[in-house]
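Reader: I'd like to learn how to read packing in a model like this one. Can you take me through it step by step?

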Amino acid sequence: MMRSLRALRSNYSPLLLAPFQQRRHTGELWVWLALLLLTLALALACAIMVDLTTARLVLGIAAATSLLILWGISFASLRRQNHPTAARLVPGHLARLRCCAVGLLLVLSATSAVLFGSQLGQPLAWGLGAAVVMLSVAAMLRWYRLWFLIWIVPSLGFWWPVNALWLRVWHGVLHWYGAQPASLALVAGLLLPWLLSRLLQDGGAAHQASYREAEMLRLAFADQTRGLSTGMYFGKTGLTLTRLFSWPRPLWERYLLAHAKPAARSVLARAELACWGNQHWTSILGSLTVILALLAIGAVAIAQFYAPNWSEFGGNGSVGLQIGIVSMVLNPLLGLAASLHRSRREQALLMLLPAMPRGQTLNRLLARRLLTQYFLQWSLALALICLMMAMASGGGAPRLGLYALLLALPMGSYLLRDWSRQAAPVGAHQVLPLIAMAAGAAVLAGMAWLGLSLWITAALSLILTLVLLRRRWQRWVLLSPAALPVGRWA
């Protein structure tokens, strides 16, 4: 018995623990712990300010999300271990991967059945639903284009053939569950694991093409988590979209080259194009104008065929847009370090340009340009959110965007740092501003619960911003080595 348990552990535990072993030194485990503590704090706040039912709802949503994230990370790791060469040449490797996937599916489905069924009833329905959702996620990891169905299928709900088909399937499954739940569980217990096992391939040309495509997506996602976005992994389509969303960049580049002067301002403006990458203001302006143009075209098209109530759009319908606008403000905090670190070799050459500032002079000019761009983005975001709030009638506009901007205002001081000691950014560290934003949102919710007005919150945010800017300017701008090249003392 003990020998068989040790054999099971030696055969399967390395495959299941691989995603966690890979993340031991990346800081992601600490991020997950911070998210867990933040969730518990949010549930405690809901229990104090609202009621226990809301707190249990928050914990239930967090538990379901955690199980789904665990499944996605684990199956993505199993797919990456499913190398075409190993599938053909390593005896038993594919069978072990499939056993791990099926076993994890059964364990997590049973966990969902016990966890949610004990509180809400119908444990079999919860277990079967969790298994179907996990199989769907695994299929989307295998064929990433299926992710588009999340957006396309709900949008076809008005089309009666599609709607009738889904309703017929749904009612048929419900009738089967009510009449013969044991047979449904038996069929699902046989069919779902078999379908999941087929998602791990056995080598061959199709497997090799799928594996190369998965590696391309992994590299693109790795760049995205470090704040870098590039279209090089998506062929001509990706490069075309990149050029479209950064259309002002070549115009500004031609202007700078035509008016180049041996002055610090001109030299830094040209150096920014090479150093900042997609964090340059031309790329941000291009993305913003393209998105606003698409929204304007959509609004005109809707107005031509319908009579929309724009006051409702400015109300609860604007929450998604407000989140997108705030993300634009946080973009430099998430991606600037990666862009500067990636261009550090080019920066070493740019330091040889005539009239290139050095030492503390370079620090001051660079810090001013970074802060100017950040606070201009912040001001533009504030204007857009205020415009959406003005569209809402009866004062029903959500203040989520305003509170998020008040949190983002002091976070701009984080751009003042010792860039000469900036190491290569880790993907997990890019989540820290988002965690700080979520923790600050909880604090602001508590302040609103205590009755503090929005103006008091704005004044506190402004005071904190000025204090942080003054402190970090004296420490990291005036007393640090030259910022460029970035990371030379890391």
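Author: Let's begin with what a helix is here: a DSSP run of H or I at least four residues long, numbered from the N terminus. Keep in mind that the model is predicted.

Reader: Good. How many helices and strands does the protein chain have?

Author: The protein chain has 21 helices and zero strands. Of its 490 residues, 38% are buried. As for contacts between residues at least 6 apart in sequence, 79% join residues at least 24 apart.

Reader: How are two packed helices described?

Author: By the angle between their axes and the distance between the axes. Take helix H3 (residues 52–81) and helix H6 (residues 123–142): their axes come within 10 Å and cross at roughly 40 degrees. That angle makes H3 oblique to H6. The crossing of H3 past H6 is right-handed.

Reader: Which residues in H3 and H6 meet?

Author: On the H3 side, Leu68, Trp71, Gly72, Phe75, Ala76 and Arg79; they meet Val133, Met134, Val137, Ala138, Leu141 and Arg142 in H6. Sorted by class, the residues of this H3 and H6 contact are nine nonpolar, one polar and two charged.

Reader: Now the rings. How many aromatic pairs does the structure hold?

Author: Five. One of them is Trp71 with Phe75, a stacked pair at 5.6 Å centre to centre, with 25 degrees between the planes. Planes under 30 degrees apart count as stacked.

Reader: Why are Trp71 and Phe75 separated by about one helical turn?

Author: Because they are four residues apart in helix H3. Trp71 counts as buried, at 0% relative accessibility, and Phe75 counts as buried at 0% too.

Now look at Tyr374 and Phe375, which form an edge-to-face pair: 5.4 Å centre to centre and 80 degrees between the planes. Tyr374 is buried, with a relative accessible area of 1%. There is also an aromatic cluster, formed by Trp252, Tyr255 and Trp281.

Reader: Back to helix pairs. At what angle do the axes of H18 and H19 cross?

Author: Roughly 170 degrees, and the axes of helix H18 (residues 359–391) and helix H19 (residues 400–411) come within 10 Å. H18 and H19 are therefore roughly antiparallel to each other, since an angle over 145 degrees counts that way.

H18 brings Tyr374, Phe375, Trp378, Ala381, Leu382, Ile385, Cys386 and Met389 to the contact, and H19 brings Gly401, Leu402, Leu405, Ala408, Leu409 and Met411. By class, the contact of H18 with H19 has 13 nonpolar residues, one polar and no charged ones.

Methods:
Residues are numbered from 1 along each chain as its sequence is written. This is a predicted model: local features need pLDDT of at least 70, side-chain atom pairs count only at pLDDT 80 or more; totals for chains, interfaces and linings use all residues. Side-chain values use heavy atoms; hydrogens and water are left out. Axes are lines fitted to C-alpha atoms, for helices over the stretch in contact, and angles run from 0 to 180 degrees between N-to-C directions. Helices (H or I, at least four residues) and strands (E, at least two) are DSSP runs, numbered from the N terminus. Angles under 35 degrees count as roughly parallel, over 145 as roughly antiparallel, 65 to 115 as roughly perpendicular and the rest as oblique. A crossing is left-handed if the near helix is turned anticlockwise from the far one by less than a right angle, and right-handed if clockwise. Contact means heavy atoms within 4.5 Å. Ala, Val, Leu, Ile, Met, Phe, Trp, Tyr, Cys and Pro count as nonpolar, Asp, Glu, Lys and Arg as charged, and the others, Gly among them, as polar. Rings of Phe, Tyr and Trp (its six-membered ring) pair if their centres lie within 6.5 Å; planes under 30 degrees apart count as stacked, over 60 as edge-to-face and the rest as tilted. Buried means under 20% relative accessible area, exposed over 50%, partly exposed in between (1.4 Å probe, protein chains only).
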